[in-house]
Amino acid sequence: MKCKELIPYCSMLFVLLTNKVTCHSQTILSELNPAQQRALELLDRSDTISASPLWPHIKPVYFFSNIRSNILYPGKINQGHNTNFCSYAALTHLLIKYEPDNYTRMILSLYYTGKTTLYSKKILTPSKRVRQAAGLLSDNGELNILHANQLWFLAMADNFKGYLNLFDHKYSIGDENTFWAATNYSKFNKMVREFGGYHVHAIGSDLIRPSRSKGNLYKYMVNMLDTGLVMIYINNKLMYPHKFTLFNLPAPTHFVVLYELHKINDMIEIKYWDYGLKTEQLITMKRLKKTIYGVSSITKR
Amino acid sequence: MLLTLAIGQSCSPERKSASYYHENKREISELKNEYDALYRQQAFSAGFTDKTFKYYVMQIITDTLRAIYNSEKRKDELWQNVLRFHYDTVALKRMAAMMKKIKCLWVGKTDRYFGEKREVFSYISFQSADKAFRENKYYVLILPDHKIDYPEMQEQIRKGKLVQIDSLVYFTTTNRYR
């Protein structure tokens, strides 16, 4: 790579490291979309030095650089290792991609005031247990040092409850990997509606797959991709077929954002987002049908 | 991932893993060196998908994409990408042969944060301990490049979640082979 080509990357790195807008970063800012620019302006108007007494273990340096990085690279959001945060990460990925300013307003409000108002007017108020825990998560890979993501995911899990959370309502250390953080399909769709005020059209459930034939499901998903954003609820183990196991529990395990779906001969090429990357792979139509338990489409607000 | 690998650890397979390692010590070391050299060209993980070691999967990871190529369904494209990323094809074939020889199911890298410090480890998984009506279990050898002496690591060893079987080799079991 030539030096000239490196300049934008260096400037971007400089913005991330210094955590402020500089003359150099003006070039970058002009390349961002208006919502990203508004989000960064919000961040630049904030006090990024003082720790919030409401979140005693959140380090401002980690918190604000994490938000800035999320705004600039919404595709890099990662739920971390050993967590049940996939639903929150998938929703956040889309929220930051399309409404970074709204996300920034909400997370800053959570940080400074301990609560925030969602699009639906629901007020998100994380419990003291969660506020004490944010910043202390360990054994979760990079999430350990991504304090904004810790705060955000914990706040989401703490405020949205479904039947899977019935017996584990109160957060304890380590609960990010238990039923406390789990998300059932209806809870997921509710979160999408509440956070962004989106109209969600959902097919499928936690137990029974969408009642469409293989070809119809493929066509349905392609149509939905043409009209809006699509998130799918899948059995993740079936996405990686192998012959080492005798039995796979037929149940959904994971939420991902669907990006592309193409037919190549008798196979389907699928491109979806999870764990901070897009995954591209070929699967059979039969496996596609077997894997998918829910298709949530956002068509309009 | 390291902790995920540690979940489900049990005491009984310790001897099995240690003997597997000692029987294949030279091959495992060569496999790791081969894999590390290829990984430096472009990040990837790879392994087999069937018990006869006929079909393999290569997962190439770029800055934004995780592309999965299966030799059963996508062999031509797999090789196109092997060439596109300038992998040493001879080394790659040697690595695959080595994996097949020692019945290694998967080779990859994982990371773990100790405080603010990120450590990356290579790992290999082998021999499914799958039995009917039992959770799927795989044996995993974790192969750090240098001595890891963090208190968190020692705690895992003390609890028996990780078993050290050589100076730079740890063992655990997991319900995922990749």
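1. A quick definition to start: a residue counts as buried here if 20 or more other C-beta atoms lie within 10 Å of its own. Keep in mind that this is a predicted model.

2. With that in hand, have a look at helix 6 of chain A, residues 100–113. Its buried residues are Pro100(A), Asp101(A), Asn102(A), Tyr103(A), Thr104(A), Met106(A), Ile107(A), Leu108(A), Leu110(A) and Tyr111(A). That makes 10 of the 14 residues, so helix 6 of chain A is largely enclosed by the rest of the structure.

3. What does the covering of those buried residues? Chain A itself contributes helix 3 (34–44), helix 4 (60–72), helix 5 (86–98) and helix 8 (147–159), and also strand 1 (116–117) and strand 2 (123–124), among the covering elements.

4. As for its geometry, helix 6 of chain A spans 20 Å from first C-alpha to last, close to the 20 Å expected at 1.5 Å a residue. After the helix comes Gly114(A), with a positive phi near 80°.

5. Now for where the two chains meet: 22 residues of chain A are in contact with 25 residues of chain B. On the chain B side, helix 1 (2–6), strand 3 (65–70), helix 4 (71–84) and strand 4 (104–114) each supply at least two residues. Strand 3 of chain B gives the most, with 5 residues. By type, the chain B side divides into 10 charged, 9 nonpolar and 6 polar residues.

6. Strand 7 of chain A (residues 277–284) runs parallel to it, and 3 bridges join the two. One pair to find on screen is Thr279(A) with its bridge partner Arg66(B).

Note on methods. Residues are numbered from 1 along each chain as its sequence is written. Chains are lettered from A and ligands numbered from 1 in the order in which they are written. This is a predicted model: local features need pLDDT of at least 70, side-chain atom pairs count only at pLDDT 80 or more; totals for chains, interfaces and linings use all residues. Two residues are in contact if their C-beta atoms, placed from the backbone, lie within 7 Å. Helices (H or I, at least four residues) and strands (E, at least two) are DSSP runs, numbered from the N terminus. Ala, Val, Leu, Ile, Met, Phe, Trp, Tyr, Cys and Pro count as nonpolar, Asp, Glu, Lys and Arg as charged, and the others, Gly among them, as polar. Two strands pair if DSSP finds at least two bridges between them. The expected span of a helix is 1.5 Å times one less than its number of residues. A residue is buried if 20 or more other C-beta atoms lie within 10 Å of its own, exposed if 12 or fewer, and partly exposed in between; C-beta atoms are placed from the backbone.
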